[in-house]
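Good morning, and thank you for coming. Please look at the sequence and the structure while I describe them.

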Amino acid sequence: MQDLSAIVHNQVLVTALVACFFAQFLKLVVEVVRHQKLNFHVLIETGGMPSSHSALVSALATGVGQTVGWSSTEFAVSTIFAIIVMYDAAGVRWAAGQQARILNQMLEGQAAQQAPEEQMERLKEMLGHTRLEVFVGSAVGVAVSLVAGVTAWVMG
């Protein structure tokens, strides 16, 4: 039970999770602004503006830097981890989403020739992020972590 308490009181972990959830909430706001309707599915979907994965890992790296030190090995490891996650989101996963879109278009062309039970389910197209979505997500993560650090410093 003491270990669970230590995890819950880990400021870097909590701040990174808050940044992730805040970015997911911002997706809902962006959806309302873009389409003038409330779509709660964006809270559990991948892709979209801003990248919550980028917010999570950027807040993590920033929190580690603030807590352990900017020249620490821990900061270096968390920063490399963040770069890999963000590169994957804007590169590999984004490209996979584009491929899914093309495959879905091909399948739609064949669907008229197939019996309903032979038709394939559409592939998910929103897998990754644009570079802008990753950048904004990263900025959200850094901002949340800096605000949390200043708040902890002022209150502590």
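The accessible surface of the chain comes to about 10,200 Å². Carbon and sulfur atoms account for 68% of that area. Please keep in mind that we are looking at a predicted model. Of the 156 residues in the chain, 31% are buried.

Let me turn to the overall fold. How many helices and how many strands does the chain have? There are six helices and zero strands. Consider next the contacts in the chain with a separation of 6 or more: 71% of them join residues 24 or more positions apart.

We now come to the interior. In soluble globular proteins, nonpolar side chains tend to be buried together. Which residues form the largest nonpolar core here? This core has seven residues, namely Ala16, Ala19, Ala23, Ala55, Ala59, Val140 and Val144. At least two of its residues come from each of helix H2 (11–35), helix H3 (52–68) and helix H6 (131–155). The greatest contribution is that of H2, with three residues.

Apart from this core lies another one, of six residues, including Val57, Ala82, Val85 and Met86.

Leaving out residues up to four places away in sequence, Ala55 touches Ala19, Ala23, Gly137, Ser138, Val140 and Gly141.

The next residue along is leucine 56, which also lies in helix H3. Is Leu56 buried, partly exposed or exposed? With a relative accessible area of 27%, leucine 56 is partly exposed, because that class runs between 20% and 50%. With residues up to four places away in sequence again set aside, Leu56 touches Ala16, Leu17 and Cys20. Leucine 56 and glycine 141 are 85 residues apart along the chain, and their C-alpha atoms are separated by 6.0 Å.

Let us move to a loop. Valine 42 is found between H2 and H3. Why does valine 42 count as buried? The reason is its relative accessibility of 10%, since buried means under 20%. Which residues are its partners, apart from neighbours within four places in sequence? Val42 is in contact with Gln24, Lys27, Leu28 and Glu31. Between the C-alpha atoms of valine 42 and phenylalanine 25 the separation is 8.7 Å, and these two residues are 17 apart along the chain.

Leu4, Ile7, Val8, Leu13, Leu17 and Phe21 make a nonpolar surface patch of about 560 Å². Helix H1 (2–8) and H2 each supply at least two residues of this patch. One of the patch residues is valine 8, which lies in helix H1. Valine 8 counts as exposed because its relative accessibility is 52%, and the exposed class begins over 50%.

Finally, a word on aromatic rings. The structure holds one aromatic pair. Which two residues form this pair, and how are their rings arranged? Tryptophan 70 and phenylalanine 75 form the pair, and the arrangement is edge-to-face. Their rings are 5.1 Å apart, centre to centre, with 80° between the planes. The pair counts as edge-to-face because this angle is over 60 degrees.

Thank you for your attention.

Conventions: Residues are numbered from 1 along each chain as its sequence is written. This is a predicted model: local features need pLDDT of at least 70, side-chain atom pairs count only at pLDDT 80 or more; totals for chains, interfaces and linings use all residues. Side-chain values use heavy atoms; hydrogens and water are left out. Helices (H or I, at least four residues) and strands (E, at least two) are DSSP runs, numbered from the N terminus. Buried means under 20% relative accessible area, exposed over 50%, partly exposed in between (1.4 Å probe, protein chains only). Contact means heavy atoms within 4.5 Å. Accessible areas come from the Shrake-Rupley method with a 1.4 Å probe; for residues, only the protein chains shown count as cover. A nonpolar core is a set of buried Ala, Val, Leu, Ile, Met, Phe, Trp, Tyr and Cys residues joined through side-chain atoms within 4.5 Å. Patches are made of residues with over 30% relative accessible area and no salt bridge: like charges are joined within 9 Å, nonpolar side chains (Val, Leu, Ile, Met, Phe, Trp, Tyr) within 5 Å. A salt bridge is a side-chain nitrogen of Lys or Arg within 4 Å of a carboxyl oxygen of Asp or Glu. Rings of Phe, Tyr and Trp (its six-membered ring) pair if their centres lie within 6.5 Å; planes under 30 degrees apart count as stacked, over 60 as edge-to-face and the rest as tilted.
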